[in-house]
Amino acid sequence: MSPEDLLENSKKDKSLTPLQERFIKSGLKSLNDEEIFELLFSQHHRHGQRRKLAKECARQFGNLRGLLSASAQELREFGICDKCIFNIKILDPFRQLSL
């Protein structure tokens, strides 16, 4: 499915958040670190909760590389669920790239 198809389907069933739609349209470079954190949390945390977590993580870890470097225990202490921690740890090998 192309990004255009995904966006079109989302308009019909409202399955994507505006932040997710922006990511699909414009890519990761269009988001600041806090928005990237919120995007990572979007599948498993409610809207208000994920925004609060994103702000706290931005203060604590600074940027995406810092978040990816955090231990599972550190992330759990912030209230990040294990499913999100799993997704974050999948991305860990990419922190060596320019993020």
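The model is predicted, so local features need pLDDT of at least 70 and side-chain atom pairs count only at pLDDT 80 or more, whereas totals for chains, interfaces and linings use all residues. Residues are numbered from 1 along each chain as its sequence is written, and side-chain values use heavy atoms, with hydrogens and water left out. The protein chain contains 7 helices and 0 strands; helices (H or I, at least four residues) and strands (E, at least two) are DSSP runs, numbered from the N terminus.

**The chain as a whole**

- Along the sequence, the protein chain has the pattern α-α-α-α-α-α-α.
- Of its 99 residues, 29% count as buried; buried means under 20% relative accessible area, exposed over 50%, and partly exposed in between (1.4 Å probe, protein chains only).
- The protein chain exposes about 6400 Å², of which carbon and sulfur atoms supply 52%; accessible areas come from the Shrake-Rupley method with a 1.4 Å probe, and for residues only the protein chains shown count as cover.
- Among the contacts in the protein chain with a separation of 6 or more, 37% are between residues 24 or more positions apart; contact means heavy atoms within 4.5 Å.

- The buried residues of α3 are Glu35, Ile36, Phe37, Glu38, Leu39, Leu40 and Phe41.
- Their cover includes α2, α4, α5 (64-69) and α7 (82-91).

**Packing of α2 against α3**

- Two packed helices are described by the angle between their axes and the distance between the axes.
- Helix α2 (residues 18-26) and helix α3 (residues 33-41) pack at an angle of about 110 degrees, and their axes are 10 Å apart. Axes are lines fitted to C-alpha atoms, for helices over the stretch in contact, and angles run from 0 to 180 degrees between N-to-C directions.
- The two helices are therefore roughly perpendicular to each other. Angles under 35 degrees count as roughly parallel, over 145 as roughly antiparallel, 65 to 115 as roughly perpendicular and the rest as oblique.
- Leu19, Gln20, Arg22 and Phe23 of α2 make the contact with Glu35, Glu38 and Leu39 of α3.
- By class, this contact has 3 nonpolar, 1 polar and 3 charged residues. Ala, Val, Leu, Ile, Met, Phe, Trp, Tyr, Cys and Pro count as nonpolar, Asp, Glu, Lys and Arg as charged, and the others, Gly among them, as polar.

**Packing of α3 against α4**

- Helices α3 and α4 pack at an angle of about 135 degrees, with their axes 8 Å apart.
- That angle makes α3 oblique to α4.
- From α3, Glu34, Phe37, Glu38 and Phe41 meet residues of α4 that include His47, Arg50, Arg51 and Leu53.
- The residues of this contact divide into 6 nonpolar, 1 polar and 5 charged.

**Two residues of α4**

- Arg50 is located in helix α4 and counts as buried because its relative accessibility is 8%.
- Not counting residues up to four places away in sequence, Arg50 touches Thr17, Glu38, Phe41, Ser42 and His45.
- Gln60 also belongs to helix α4 (residues 47-61), and it counts as partly exposed because its relative accessibility is 47%.
- Gln60 and Ala70 lie 10 residues apart in sequence and 9.9 Å apart in space, C-alpha to C-alpha.
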